[in-house]
Amino acid sequence: MLDLVLKISLIAVTLSMLALLYRVIKGPSTPDRVIALDAIGINLVAVIALISMILKTSAFLEVILLVGILAFIGTVAFAKFLEKGEIIERDRNH
Amino acid sequence: MTEIIKVFVGIFVGLGAFLCMVTALGIIRLPDVYTRNHAASKGSTLGIMFILIGAFLFFYVKEGHYNSRLLLGIVFIFITSPVAGHLISRAAYHTGVPLWKKSVLDELKDKEKHEKHGLDRSNGEGK
């Protein structure tokens with residue numbers, strides 16, 4: 001029974017990732033695409049947790065931390081790039 | 001694994017998957033960037049935290065000790081996901097993405113203008 005719930009949840013999360021991919025492709029502005037990419041990265045964490053529960057192994061749990069950190073850093077870099085035009089500023093006084 | 005914990009894991013995971021689908025629906029259907037960002041940052045954070053709490057209970061019963069990596073993941077996502085949403089929303093406002101035409105309130109508009117004037121004045125005095 002739990003296996004069935006886990007598999008249905010995995011299918012639901014994957015379908016929602018596909019729906020977010022539609023927004024990444026079509027989104028009218030760049031922040032739309034970045035928001036959808038951030039949500040895809042966070043849904044990827046859920047997919048990893050569900051797969052590690054279905055396979056009954058705790059080997060993939062480091063990947064959750066890694067993907068979470070990478071999604072956050074990517075979104076922050078995109079936001080800074082959109083706002084200022086550069087990510088790493090060399091001139092601190094400006 | 002005891003049955004009652006299985007029921008709780010099922011409830012948590014089902015709620016989390018439902019919230020993920022609500023997030024996807026909001027991102028597709030809502031009209032502009034800010035409302036979409038509202039759907040993405042709140043809904044998907046809560047959904048992922050439900051799924052991770054379900055996984056935490058699952059592995060706690062299966063292995064018999066706390067899984068610190070999952071706890072770290074829950075705390076990290078709880079902290080960083082709203083921050084990322086706020087940052088990208090601020091970037092969208094500063095790059096001039098328009099609000100939905102039926103939006104009734106833009107509290108940041110006068111404040112932005114005021115801050116820009118204040119900044120210009122201080123620069124002029126500096127020179």
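This is a predicted model: local features need pLDDT of at least 70, side-chain atom pairs count only at pLDDT 80 or more; totals for chains, interfaces and linings use all residues.
1. Aromatic pairs as a whole. Rings count as a pair if their centres lie within 6.5 Å, and by this rule there are 7 aromatic pairs over all chains. One of them joins F56(B) and Y60(B), whose ring centres are 6.4 Å apart with the planes at 10 degrees, so this pair is stacked, given that planes under 30 degrees apart count as such.

2. Position and exposure of that pair. Helix α2 of chain B, residues 33-63, holds both F56(B) and Y60(B), which are 4 residues apart, or about one turn of the helix. F56(B) counts as buried because its relative accessibility is 13%, where the cut-off is under 20%, whereas Y60(B), with a relative accessible area of 33%, is partly exposed.

3. A further partner for Y60(B). The ring of Y60(B) also pairs with that of Y66(B), the centres being 4.9 Å apart and the planes at 10 degrees, so this pair, too, is stacked. Y66(B) itself has a relative accessibility of 56% and therefore counts as exposed. Taken together, F56(B), Y60(B) and Y66(B) make up one aromatic cluster.

4. An unreviewed UniProt entry places the feature "transmembrane region" at residues 6-22, 34-54 and 60-82 of chain A. In the model, residues 6-22 of chain A are 100% helix and 0% strand, with the end C-alpha atoms 25 Å apart. Residues 34-54 of chain A are likewise 100% helix and 0% strand, and the end C-alpha atoms of that span lie 30 Å apart.

How values were computed:
Residues are numbered from 1 along each chain as its sequence is written. Chains are lettered from A and ligands numbered from 1 in the order in which they are written. Side-chain values use heavy atoms; hydrogens and water are left out. Rings of Phe, Tyr and Trp (its six-membered ring) pair if their centres lie within 6.5 Å; planes under 30 degrees apart count as stacked, over 60 as edge-to-face and the rest as tilted. Helices (H or I, at least four residues) and strands (E, at least two) are DSSP runs, numbered from the N terminus. Buried means under 20% relative accessible area, exposed over 50%, partly exposed in between (1.4 Å probe, protein chains only). UniProt positions are given in the numbering used here, feature names are shortened, and annotations may be inferred rather than shown by experiment.
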